[in-house]
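Visitor: Hi, could you walk me through this one? I'd like to start with the ligand site.

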Amino acid sequence: MLDEQLRHTIQQMPKAELHIHIEGSLEPELIFALAQRNGVTLAYPSVEMLREAYAFSDLQSFLDIYYAGASVLLTEQDFYDMTASYLARAAADNVRHAEIFFDPQTHTARGVPFATVIDGIWRACQDAPISAALIMCFLRHLSEEEALVTLEESLPHRDKFIGVGLDSSEVGHPPEKFARVFERARQLGLRLVAHAGEEGPPAYIESALDVLKVERIDHGVRCLESPALVERLVRERMALTVCPLSNIKLRVFDVMGSHNLRTLLDKGLAATVNSDDPAYFGGYMNDNFIAAFEALPLDASHARQLARNSFEAAFVDPEKKRAFLAEVDAFFANTD
Ligand code: ADE
Ligand code: ZN
């Protein structure tokens with residue numbers, strides 16, 4: 001069991017969340033409430049039966065249910081309510097800053113206007129109890145042309161998001177498929193991230209860096225299969241947004257005791273802890289920290305390193321970053 005003091009430290013320490021899909025924060029209760037509000041019929045008769053369906057064998061088996069859950073989102077208020085609910089949960093976990101992914105194509109494909117999606121999410125961020133920014137993700141199972149159309153559609157809202165990312169089914173959809181759209185995003189001054197090395201091989205992490213020129217790798221846990229890549233990631237201080245509970249639920253690792261988070265830190269990699277899709281994977285930020293710290297040989301020095309890594313990797317201006325890091329250092333100075 002986790003020592004009470006370490007549990008308290010993990011819960012109370014200031015932290016940033018850098019890998020959260022807002023559609024993955026949609027709790028079954030809210031899915032049902034929104035379905036009722038919008039007159040949408042769900043394939044599951046009750047909250048309990050929907051929750052029971054959350055037994056995944058891999059990424060794709062999760063994505064099928066995740067996209068079905070998102071089908072209840074129709075109005076700007078729906079997107080606002082979902083985001084406000086996540087931000088309140090994050091604040092309760094002492095998340096000070098969140099960089100939130102959203103998947104516009106999941107909604108525009110159903111006829112929901114781009115503006116409805118981003119305005120609801122963005123307005124909740126404006127009203128948030130914590131610092132929050134948005135990253136627009138392209139669905140990699142769709143074509144690059146569709147991603148380019150989405151990027152053009154986003155331009156009237158350019159001031160509402162800070163970057164672009166790449167998510168959905170990884171294997172068979174390598175980063176280089178999106179070379180042109182990431183190049184265009186880079187010209188627009190957007191920050192760049194991509195999911196790579198979750199289920200896909202280390203070569204996908206390399207092409208995310210070399211072709212897409214990303215500044216963080218989402219997941220990246222398979223990097224350990226390539227010592228040369230690990231050396232590069234350490235040298236470039238490239239952050240990995242690791243999601244422990246997600247990796248267990250999607251069977252990237254069999255059990256938390258075999259997760260490689262401690263090894264990543266031991267090798268000097270800039271790993272961070274994040275929740276990915278908290279409503280589907282069994283927990284928010286502190287649940288992820290606690291599950292990892294319970295199963296792995298991690299102590300307060302690792303907690304401090306993970307908190308520092310999260311702010312080091314955040315897309316915030318240098319002054320704000322210094323202030324967050326000073327807050328982490330002051331917190332740990334008081335726990336000694
Ligand atoms: N979309 C939501 N969660 C995801 C994940 N873990 N990997 C890829 N795409 C996602
Ligand atoms: Zn993800």
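Guide: Happy to; we'll take the ligand site, then the overall fold.
Guide: This is a predicted model, where local features need pLDDT of at least 70, side-chain atom pairs count only at pLDDT 80 or more, and totals for chains, interfaces and linings use all residues. Residues are numbered from 1 along each chain as its sequence is written, chains are lettered from A and ligands numbered from 1 in the order in which they are written, and side-chain values use heavy atoms, with hydrogens and water left out.

Visitor: Which side chains have an N or O atom close to a nitrogen atom of ligand 1?
Guide: Among them is Glu198, at 2.8 Å, and another is His21, at 3.4 Å. A polar side-chain atom of His219 also lies 3.5 Å from a nitrogen of the ligand. A polar contact here is a pair of N or O atoms within 3.5 Å.

Visitor: And how much of ligand 1 does the protein bury?
Guide: Taken alone it exposes 260 Å², and the protein buries 100% of that (Shrake-Rupley areas, 1.4 Å probe).

Visitor: Which helix gives the largest share of the shell?
Guide: Helix H4, residues 59-69, with four residues (a helix is a DSSP run of H or I, at least four residues).

Visitor: Switching topic, how many helices and strands are there?
Guide: The chain has 17 helices and eight strands; a strand is a DSSP E run of at least two residues. Its radius of gyration is 19 Å, close to the 20 Å from the globule rule for 336 residues, so it is as compact as a globular protein of that length. That radius is taken over C-alpha atoms, and the rule is 2.2 Å times the number of residues to the power 0.38.

Terms used. A polar contact is a pair of N or O atoms within 3.5 Å; within protein, one must be able to donate a hydrogen and the other to accept it, and residues adjacent in sequence count only if both atoms are side-chain atoms.
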